Amino acid sequence: TALPERRRPGGGRPRYEVVRELGAEEVRWFYREDRKTWKPFIGYDSLRIELAFRALGSGGDGEPVAVEPVCVRSGLYEVDVASAESYPVYWNQTEKIPVMRGQWFIDGTWQPLEEEESNLIEQEHLNRFKGQQLQESFDMEVSKPVDGKEAIHSLKLSRNHVDWHSVDEVYLYSDATTSKIARTVTQKLGFSKASSSGTRLHRGYVEEATLEDKPPQTSHIVFVVHGIGQKMDQGRIIKNTAMMRDTARKVEEKYFSNLATHVEFLPVEWRSKLTLDGDTVDSITPDKVRGLRDMLNSSAMDIMYYTSPLYRDELVKGLQQELNRLYTLFCSRNPEFEEKGGKVSIVSHSLGCVITYDIMTGWNPVRLYEQLLQKEEEELEDRWMSYEEQHLLEELYITKQRLREIEERLHALKASTISKPPVLKFKVENFFCMGSPLAVFLALRGIRPGNSGSQDHILPRTICNRLLNIFHPTDPVAYRLEPLILKHYSNISPVQIHWYNTANPLPYEHMKPSFLNPTKEPTSAPDSESASAAPSPTTSPVLVRRHYGESITNIGKASILGAASIGKGLGGMLFSRFGRSSTTPQTLETGKDGAEGDEKKATTVGTPPLSHSSSGFLEPTVELEHRIDFELREGLVESRYWSAVTSHTAYWSSLDIALFLLTFMYKQDQEETDKSNLDTI
């Protein structure tokens, strides 16, 4: 795309300027990713790279000077000027990113000429014209090439030659138009046609580089955590995060350009450093349909690893250490971040949501085992037993009590000598789950709905300010969280995420809850029957009104439940005892409640049948303090079965999701800006 006419911060150049060496602000540095076109660094970055480049050759006796790497692209990358390469700061990348110094540029596209040719042309230009006056103002219209105009100077290059028709009318002509290779090269450079008419060149970039042309300081960092399958494609999370970052930049420019803050996305690649079982699983994998088996070993196997007591800690520590390493590194490079109250959010995908949740809350299977023992003690108290059995149980109880006291004293002694560092070195502002099976893991751990609409029921606000669960309606791995807090929310539809281009969307906090099936008449059944008709808290997000893609979703549901069941780390009895206990009369497969007699002992507080209003919205009843489940709107033309297959990985490049994330991360800044505007008025 053609860039605007060349402009300078202080206006145009003087009409009669003398040819001199290019200033650091006239040179522009470029980088090239994935072998695509050269992209210009912003002025702030380019100027600092050029100054480092000039320092490199300023040593006496021809000795090269050691130059510090230059931090570029909002601090995510560094440039090594000596090797002309760029590399990321926060993650590993096998492919280095080449950088190039641009001095001469193609008219129209403002793409730089290759450095070798550019250096030769620049050297020739200075030898021939240094000290001479330029005859036209920089801001004047460029004159059209005149074929009959004589060249006052020429330079022969390997495949091209350059003609100077005047000091600032310079054209590049191709000498090998018959060569297919040369034609390709000339087209890539942006020539209109490889013919005798030539292509005009410009000395110095279209825009002067200034230190003022810099990105705003980062005030909010987002750690992006991958789920399963990274063993298969280790660089995937880096590419996914780059997609999310680029999409967020577009949204920022459109909706949040008036805010002085900046959100930065950092990939958290925790899987590749883990050894786990070495190659044991590979060695026991049969050879038939090997490709499919290897794919499953590299993806679904992570769920089994996580539910195994042998490897669970390794996965947790891997993610925890990487999160803390990234945060420490970021703060060391951005010392003002903590001082100015910088915030941290986490975006997790798939199994990454479960591991992140367990790190934040400190959950582990041992706690579940202790809960189970306590439950057994309570059950024993309720049933009849002989005197001898009762006496032995009392002794056991006293011994356990004594053991707990000793353990507590030991922990207190250790705590007084060693101050235990917090699990994470930062407070989490927002925890965004994408395509998350977290709800089914929590249900299998015995979490059941309560009677308070607080997020604290599953994730205390002291640990994380806001929990948000995002899913595509046909994602077979995703589950709803709200019905785990208040049971009747299984009959309430998730909040619909606004489309990116919606004009004046209603703020999410003002959207009223609505029934999944507004037309359905309320039944006059008693409370217990009404409750039993409600789906399980782990109901798949494919809603009641949608019948498409059901079989695929059920496959996904079965695979998650199956994998979670196969890998029960503390043995089958641990989870199944919770499933069968009288306090949780729910069966995951059917979503029906158990015997009515057990309901009296249930910890779950039953909610009265919901009253319907004619509009399909809820009449006042117990509501959530904040909505948690947010559903992407479906595309109008996408195939529903196809989307069930692809939806689990479709979150990264969605403009709707980028807008949703930034809406919540910029919420406070937006409110403060609005308030100051009102005060001014």
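This is a predicted model: local features need pLDDT of at least 70, side-chain atom pairs count only at pLDDT 80 or more; totals for chains, interfaces and linings use all residues.
A search of the whole structure turns up 24 aromatic pairs. Take Phe30 and Tyr205: their ring centres are 5.8 Å apart and their planes stand at 90°, so this pair is edge-to-face. Phe30 belongs to strand β1 (residues 28-31), while Tyr205 sits in the loop between β11 (199-203) and β12 (220-225), so the contact ties together parts that lie 175 residues apart in sequence. Both Phe30 and Tyr205 are buried.

Tyr255 and Tyr500 make another such pair, again edge-to-face because the ring centres are 5.8 Å apart and the planes are at 90°. Here Tyr255 comes from helix α4 (residues 236-255) and Tyr500 from the loop between β17 (495-496) and α14 (527-533), so parts 245 residues apart in sequence are tied together. As for solvent, Tyr255 has a relative accessible area of 29% and is therefore partly exposed. Tyr500, at 17% relative accessibility, counts as buried, because the cut-off for buried is under 20%.

Some rings also gather in a group: Tyr90, Phe223, Tyr327, Phe330, Phe337 and Phe426 form one aromatic cluster.

Then there are the arginines. The charged end of Arg73 sits over the ring of Tyr77, 4.0 Å from the ring's centre.

Definitions and conventions
Residues are numbered from 1 along each chain as its sequence is written. Side-chain values use heavy atoms; hydrogens and water are left out. Rings of Phe, Tyr and Trp (its six-membered ring) pair if their centres lie within 6.5 Å; planes under 30 degrees apart count as stacked, over 60 as edge-to-face and the rest as tilted. Helices (H or I, at least four residues) and strands (E, at least two) are DSSP runs, numbered from the N terminus. Buried means under 20% relative accessible area, exposed over 50%, partly exposed in between (1.4 Å probe, protein chains only). A charge sits over a ring if NZ of Lys or CZ of Arg is within 6 Å of the ring centre and within 35 degrees of the ring normal.
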